[in-house]
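Please read these points with the structure open beside the text.

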Amino acid sequence: MLRPRSGPSAPTSGATILDFTPGLRHLRTMTVARISELDRKPTQSGKAHAGRWQLEFEREEALHPDPLTGWAGSGDTRPQVRLTFDTCDSAVAYARQNGFDVHVVRASPVPLKLQAYADNFR
């Protein structure tokens, strides 16, 4: 029989994971935190916020249309929370300290195209 794990070590919400232990099977949930590297915006030339890391939570409930407005929404408010860190290590340490599973997404390298103004007239 599957029973939810209870007690202070039981997570409160998240993806469903079956934990098979001798004698009993427990149903336990885990919250997944996605840590991604912030890129510079394509419309900006400055690199003020490049190299920073953002922690956000994966969606745990599916979106469903609101009957009155038709907008998509859910009761899951965790994706609205976004935390910014200076380094990847500090973001991972925060997530592990709070008991979240971590998924790290690194930014793709941006190719640098060196071009002089005179190249427009060749």
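This is a predicted model: local features need pLDDT of at least 70, side-chain atom pairs count only at pLDDT 80 or more; totals for chains, interfaces and linings use all residues.

1. Residues are numbered from 1 along each chain as its sequence is written, and side-chain values use heavy atoms, with hydrogens and water left out.

2. Strand S4 (residues 32–37) runs antiparallel to S5 and is joined to it by five bridges, and S5 also pairs in the antiparallel sense with S8 (residues 82–85) over four bridges. Strands here are DSSP runs (E, at least two residues), numbered from the N terminus, and two of them pair if DSSP finds at least two bridges between them.

3. Five of the five residues of S5 (residues 53–57) are buried, where buried means under 20% relative accessible area, exposed over 50% and partly exposed in between (1.4 Å probe, protein chains only). Trp 53, Leu 55 and Phe 57 point one way, and Gln 54 and Glu 56 the other.

4. Arg 78 lies over the face of Phe 57, at 5.5 Å from the ring centre; the rule asks for CZ of Arg or NZ of Lys within 6 Å of the ring centre and within 35 degrees of the ring normal.

5. Which residue is buried, with a relative accessible area of 14%? That residue is Phe 85, whereas Tyr 94 is partly exposed, at 30%.
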